[in-house]
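Please open the model in your viewer and keep the sequence panel beside it. The tour below goes from the whole chain to single residues, saying at each stop what to select and what is there.

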Amino acid sequence: MKYWFSIPIIMILVLATVECKAYVHAEVPDYDEMIEKLENYKEDTLRYENVKGALCFYYPESKEVYEFANEEFYEKMYPIWRNDSLKVIELNKLLEKYPKTNWRRTMYQYLTYSLHNLNRRIPLVLVLDAFRSAFPNDYKPFSQSARYYNELGNDPLETLEFAIKAHSMSYDYPKVEFFPGGEWLLEKRSAPVNTAALLAKIYFKQSKYAEAEEVLNKIINNNDLGLDDENTLAACYYWLAKIYDEQGNREDAVHTAIKALIAGDSRNYYTPKADSLLRRVIAYKDLSESEYSDFIRKQVGYDGVVFSDVTSEVEMENVRAGRIAWGDYNNDGFQDILLDGRRLFRNMNGVHFVEITQAAFPDTIRGNGGLWGDFDNDGDLDIITKDPEFIWLNNDGTFYKVNSTNSIRDNGVSTEGVGIGDVNKDGLLDVYFANYERNYVNEEDQMFRGIGGGKFLEITERADMLPKNGKNRAGRGVNMCDFDLDGDLDIFVSNYRLTDNFLWQNDGTGHFENNALKLGVAGDEVEGWWDHTIGSEWADIDNDGDFDLITCNLAHPRYIDFSNKTRLYINENGKFIDHREEAGIKFEETHSEPCWADFNNDGFLDLYITSIYEGRRSFLYMSNRDGTFSETTFLAGVRHFNGWGAACADFDNDGDMDLLVAGGKIQLFRNESSIKNNWLEVRVIGKDHVDAIGTRMILSNDEISLMREIQGGKGTTNQHSLIQHFGLVSLQPPFELEVIFSDGAKKLLMINEINKIIVVEE
């Protein structure tokens with residue numbers, strides 16, 4: 001019985017072979033007719049495979065065969081991605097099956113990579129020879145040959161010849177037919193930079209320093225890399241620093257190594273090399289870590305915001321997590337930390353943290369994310385967790401799971417995003433779950449209305465919050481905000497798997513309408529594809545009195561022609577327009593979680609973005625106060641790798657915002673800025689619930705107007721401190737503080753004292 005499935009497969013193969021042979025002995029079939037048949041036979045496996053086989057035979061260089069090879073390549077590679085031996089076998093089969101398609105260019109690249117990893121020297125040389133023969137006018141096979149010949153120690157003259165030819169060809173080489181245009185441009189702009197670094201490496205190895213220096217300076221001073229390129233000049237700077245060091249030019253070696261460090265590279269390969277080189281050149285052993293950082297900043301004249309990694313100092317070294325929530329669970333005035341919804345760390349007066357998970361949770365707590373909120377309206381912060389989904393009520397610092405009728409229970413699906421807020425203004429927190437997928441089938445999101453005591457009723461369908469077309473999305477994150485300023489919370493949902501985002505606009509009667517497409521935040525549709533949106537966050541980034549939105553999108557280069565990059569949506573009279581490029585936010589393949597905060601107290605929000613995957617770096621963009629941003633990650637001291645969650649709080653109550661980043665080992669960056677601008681922090685206590693989530697504040701005088709809203713989670717289940725922070729530059733009081741509570745009540749205060757934390761009660 002276990003072989004029952006083999007019969008139809010064999011029949012299909014035999015029949016397809018017979019029919020394909022019939023094609024061979026007939027006249028060459030018409031190409032357009034075959035394409036039409038291919039479309040018509042999509043539901044008929046036998047006939048479809050027959051036509052597909054004939055296309056491969058008669059039109060092996062066609063677009064359709066290119067796409068067949070592309071699809072089958074990833075189908076074969078994904079299951080064996082880390083097994084080079086199996087990859088070599090499958091790649092050879094694919095090259096035999098598709099002997100003329102241009103997709104061989106990618107196959108050869110992967111095959112040479114795997115053969116090199118396996119140290120199969122002779123097959124590698126033979127495949128490189130075949131690669132060059134197949135694409136004689138393309139820089140790539142010559143670049144690959146130079147790279148591997150150099151690493152194998154093959155003939156130095158031949159190695160150099162390949163490298164010179166690759167670099168020369170990289171400026172002008174023919175586009176491979178059917179290769180996606182956007183992806184091709186990414187490679188085209190990077191090719192001269194990458195081949196210059198490779199050529200310099202080979203020149204350096206052969207002690208031809210002048211030649212290497214000439215190549216590097218030329219490409220550094222004249223390259224096409226821009227904001228839409230994740231590639232950088234880090235490799236070129238590194239090799240130039242190596243050359244200067246080898247020639248005894250210490251000063252230029254130092255400056256150029258620093259440029260490599262500041263630039264960073266997307267796989268973190270050359271950055272640590274440049275760091276090691278710099279430390280050796282300046283005799284780092286005689287400097288402390290802070291002195292080393294100060295030395296670098298002095299060399300480039302950096303006087304911006306500065307952070308220190310105090311993870312070890314606060315006794316949280318080697319703590320691993322992916323998601324962060326700041327909240328003062330014991331009302332002692334210091335922000336505590338909930339990690340992944342399952343580990344609780346108490347803030348000990350801003351000096352260090354102590355894990356109290358075991359003592360705080362009599363029942364074992366599990367989770368993959370959690371947020372703070374006062375779910376029973378008793379004046380202290382409770383917890384909602386996801387995966388599994390539960391409410392944990394705070395009773396004098398001890399948390400008990402609500403596990404009764406109408407309580408939120410594990411929904412049995414992968415919930416990626418959680419957002420909380422009082423959407424119907426009844427004084428009770430409501431909950432939205434952005435549910436992800438199971439076996440690549442998207443799950444249905446859920447909306448719950450709070451009914452008190454940590455209990456809820458599901459109202460998803462009743463609130464009209466199911467997609468009109470009946471197609472679920474792969475939810476990643478939830479961000480509630482009264483973006484239209486009509487007095488009730490709206491809900492933005494980040495959706496993944498190249499689907500459109502949701503913007504559930506609240507009509508104030510308990511019903512919502514998805515107006516993401518209408519208002520411009522669904523993403524941009526290309527042939528049915530949209531975003532891989534992960535984390536998003538609302539903020540008034542231009543201080544014009546309305547909320548703007550950033551959506552962090554994962555955008556693989558091979559999908560770049562139809563996959564959205566990160567979007568910085570500026571609110572222009574209720575419609576949202578993407579200004580990422582104009583703002584100076586660089587494309588990065590794996591942007592994950594945004595984080596808005598005024599780190600230098602200049603009155604404008606700055607932006608931190610994490611990037612997921614090994615070696616991928618985070619980014620700090622400081623506002624230039626004119627709608628543009630400058631990237632200062634390395635010099636500010638907040639570069640984190642393989643990041644996921646990020647959130648801010650003034651954990652030491654000194655008036656500047658500190659930053660906690662998760663993804664692997666967490667890092668707590670304490671703001672050490674010497675920029676002593678004025679500030680104000682506001683803790684709001686609502687009439688019904690202590691968290692005051694959804695409360696909006698406007699702090700203003702004749703020179704400035706700053707708007708904040710207390711968030712019930714942001715990004716992909718992360719949470720800033722509920723205390724709102726305002727940077728005031730050098731401005732002096734008085735200020736007017738307007739507080740619009742989540743139930744619509746308002747309060748107007750005159751602020752005559754600043755540089756302090758104030759409490760506002762409804």
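How far apart are the mean positions of the positive and negative charges of the protein chain? The mean positions of the 79 positive and the 127 negative charges are 8 Å apart, where Lys and Arg count as positive, Asp and Glu as negative, and His and the chain ends are not counted. Each charge is placed at NZ of Lys, CZ of Arg, CG of Asp or CD of Glu.

This is a predicted model, in which local features need pLDDT of at least 70 and side-chain atom pairs count only at pLDDT 80 or more, while totals for chains, interfaces and linings use all residues. Residues are numbered from 1 along each chain as its sequence is written, and side-chain values use heavy atoms, with hydrogens and water left out.

**The whole chain**

Select the protein chain and colour it by secondary structure: there are 19 helices and 37 strands, taken as DSSP runs numbered from the N terminus (H or I over at least four residues for helices, E over at least two for strands). Viewed along the principal axes, the C-alpha atoms fill a box of roughly 85 × 75 × 50 Å.

If you switch to a surface, the accessible area of the protein chain comes to about 31,900 Å², of which 48% belongs to carbon and sulfur atoms; areas come from the Shrake-Rupley method with a 1.4 Å probe, and for residues only the protein chains shown count as cover. Of the 762 residues, 57% count as buried (buried means under 20% relative accessible area, exposed over 50%, and partly exposed in between, with a 1.4 Å probe and protein chains only). Among contacts (heavy atoms within 4.5 Å) between residues at least 6 apart in sequence, 57% join residues at least 24 apart.

Select residues 336-339 and 343-348, which are strands β3 and β4, paired in the antiparallel sense over 3 bridges; two strands pair if DSSP finds at least two bridges between them. Ile337 has Phe345 in β4 as its bridge partner, and in the hairpin, with 3 residues between the strands, Asp340 takes a positive phi near 55 degrees.

Phe345 has Glu355 as its bridge partner in β5. The hairpin of β4 and β5 again has 3 residues between the strands, and there Asn349 takes a positive phi near 60 degrees.

**An enclosed strand and its neighbour**

Now move to β10, residues 415-421: 7 of its 7 residues are buried, so this strand is largely enclosed by the rest of the structure. Strand β11 (residues 430-435) runs antiparallel to β10 and is joined to it by 6 bridges, with Thr415 standing opposite Asn435.

**Backbone angles worth checking**

Most residues other than glycine have a negative phi, and most peptide bonds are trans. Select Lys425, in the loop between β10 and β11, where phi is positive at about 60 degrees; Lys425 is partly exposed, at 36% relative accessible area. Tyr440, in the loop between β12 (437-438) and β13 (441-442), has a positive phi of about 65 degrees and counts as exposed at 67%.

Which form does the peptide bond from Asp387 to Pro388 take, cis or trans? The bond is cis, with omega near 5 degrees, and Pro388 sits in the loop between β7 (382-385) and β8 (390-395). Another cis bond joins Pro733 and Pro734, with omega about 15 degrees, and Pro734 is in the loop between β34 (724-727) and β35 (735-740).

**Two last residues**

Select Leu485, in the loop between β16 (474-481) and β17 (490-496), which is partly exposed at 33% relative accessibility. Leaving aside neighbours within four places in sequence, Leu485 is in contact with Gly545, Phe547, Arg696 and Met707. Finish at Asn217 in helix α11 (residues 209-221), where, not counting residues up to four places away in sequence, Asn217 touches Leu240 and Tyr244.
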